[in-house]
Amino acid sequence: MGSGGTTAEDAAWTDGSVAVPAITAPSTLACFRSLGRRNGERIRTIALADRDGVPATRSKYCDESVPVPSPHEDLVAYKDALLSIAMRPDVRTIIPVRDVDVYVLAKYRDEFDEYVSTPWPDIETLRSVQDRVRLFDAAESAGVAVPETRLLGDSNDDWDRQWIVKARYSILVDEYVDRYSPAEFLDPPKTEYLRPGAEPDVDRFRREMDHDPLLQEYVPTTEEYGFFALYDHGEPVATFQHRQRRGYSYAGGASSFRESVRIPALEEAGRDLLDHLEWHGLAMVEFLRDDETGEFKLMEINPRFWSSLPFSVQAGADFPYYYWQLANGRKDRIDHEYEAGLAGHLIRGELLYLRSILFEDVDLAEKPSFTTAVSEIVTSMVEHPRFDCASVDDVRPFLWDMREAYNHYNGRV
């Protein structure tokens, strides 16, 4: 996949190139805009595209797009394509934006380390967050609160309580589920909310999730928080916090509207866990604040860039550039201040939120009024006109994002 040499055009990019998998989530676009807008630096941005039509590749800050195999079709071929890109003399590092990206980079870290900087964890440390049994064990050892969690197959007779069923692993690969081959990769099914009083069909869940999933207590709260960090071999380089105000669904999910916050207890919980793991690289630590105890209870860690990354950058926490500086041995130059009290939107996410009110029913979550939800969204957009994809100086990704969303929900993709 690589060029095998440096062209005259490549030579003009004296600070080198960075490769980013091209995905629909706004994280790829945020990387291109952050690194492409640098004053005084020439950082070439390369999209690694396993399909056509990804909005980020339409950005004027995307300098090159290279086709790669889909990791869903052949994980080893995907690794080989990334390694080929890493072998290019202009490429300094690769940025993970999906769980499968960081898994491949971690599993084959020794191969990548020969060619590029590798600010991501080794495979054993990564397993400690992608296997949620090990993650919750680590959290308890670090003194971080967790919801009651056990394997679904373990005995339980308290079905009158509120429970959810979620995957044990954030991705299904041979490292975690031994019946897969190294080339196979699957995203596990989404979390399912159980109806109180009804005993679940354990065998069905095992079949559908292809492993023994987790049974976890439902934490009744509307307060979802994210602690975001970049670590260098166990030491925090930069951190950021936000509170989620709305998700893709009225029951939660990825963030469509959030505000930057600075809460000491949240910082302490996030850092205690990542310090305990001796973390290296990127991490988004998701918490719910328990309405009854006020504790921040751990939900999961995403060991890569998060979908709300554009908002982090807008609030002053320029993580793509921090990552670039760390990868180039300039950690001492990172200024990681940010402004609390700002808020911003993903417009597609807000539309999905409204769609969930119209077409979804989640027993354990209270559904808001549709008219009230529309009013709240409009009001918040007027009061906080910050948007993940929409930008006056880079319009095409937003237009493509709206087109992708329309096609998806009309069955065209």
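Predicted model: local features only at pLDDT ≥ 70, side-chain atom pairs only at ≥ 80, totals over all residues.

Q: In what order do the strands of the open sheet run, and is the pairing parallel or antiparallel?
A: The order is β3-β2-β1-β4, 4 strands in an open sheet, and the pairing is parallel.

Q: Which strands stand at the edges?
A: β3 (64–67) and β4 (91–94). Each has a single partner strand, so one side of each lacks a neighbour in the sheet.

Q: By how many degrees are neighbouring strands turned against each other?
A: On average 25°, ignoring direction.

Q: What packs on the sheet?
A: Helix α2, residues 27–36. It touches β1 and β2 (44–49), and its direction makes about 165° with that of β1.

Q: Back to the pairing. How many bridges join β1 to β4?
A: There are 3, with β1 covering residues 17–21. Within that pair, valine 18 is opposite threonine 93 of β4.

Q: And how many between β2 and β3?
A: 4 bridges, in the parallel sense. Isoleucine 46 has glutamate 64 in β3 as its bridge partner.

Q: Which residues of β3 are on the covered face, and which on the uncovered one?
A: Glu64 and Val66 are on the covered face. Ser65 and Pro67 are on the uncovered one. In a regular strand, side chains alternate between the two faces of the sheet.

Q: New topic. Where is glutamate 404?
A: In helix α14, which spans residues 396–408.

Q: Is glutamate 404 buried or exposed?
A: Buried, because its relative accessible area is 9%, and the cut-off for buried is under 20%.

Q: What does glutamate 404 touch, leaving out residues up to four places away in sequence?
A: Thr24, Arg51, Gly53 and Pro55. Glutamate 404 also lies 8.1 Å from valine 54, C-alpha to C-alpha, though the two are 350 residues apart in sequence.

Q: On to the largest nonpolar core. Which residues touch the most other members?
A: Phe112, Leu298, Phe305 and Phe319, out of 104 residues in that core. Helix α3 (residues 75–86) gives the largest share, 7 residues.

Q: What does phenylalanine 112 touch, again skipping residues up to four places away in sequence?
A: Its contacts include Lys79, Leu82, Leu83 and Ala86. Ile94, Val104, Leu105, Thr118 and Trp120 are also among them.

Q: Which residues does the second core include?
A: Tyr218, Tyr250, Tyr353 and Ile357 are among its 11 residues, and this core is separate.

Notes: Residues numbered from 1 in each chain as written. Heavy atoms only, no water. Pairing = 2+ DSSP bridges. Helix = DSSP H or I, 4+ residues; strand = E, 2+ residues; numbered from the N terminus. Axes fitted to C-alpha atoms, helices over the stretch in contact; angles between N-to-C directions. Contact = heavy atoms within 4.5 Å. Buried < 20%, exposed > 50% of the residue type's maximum accessible area, 1.4 Å probe, protein only. Core = buried A, V, L, I, M, F, W, Y, C linked by side-chain atoms within 4.5 Å.
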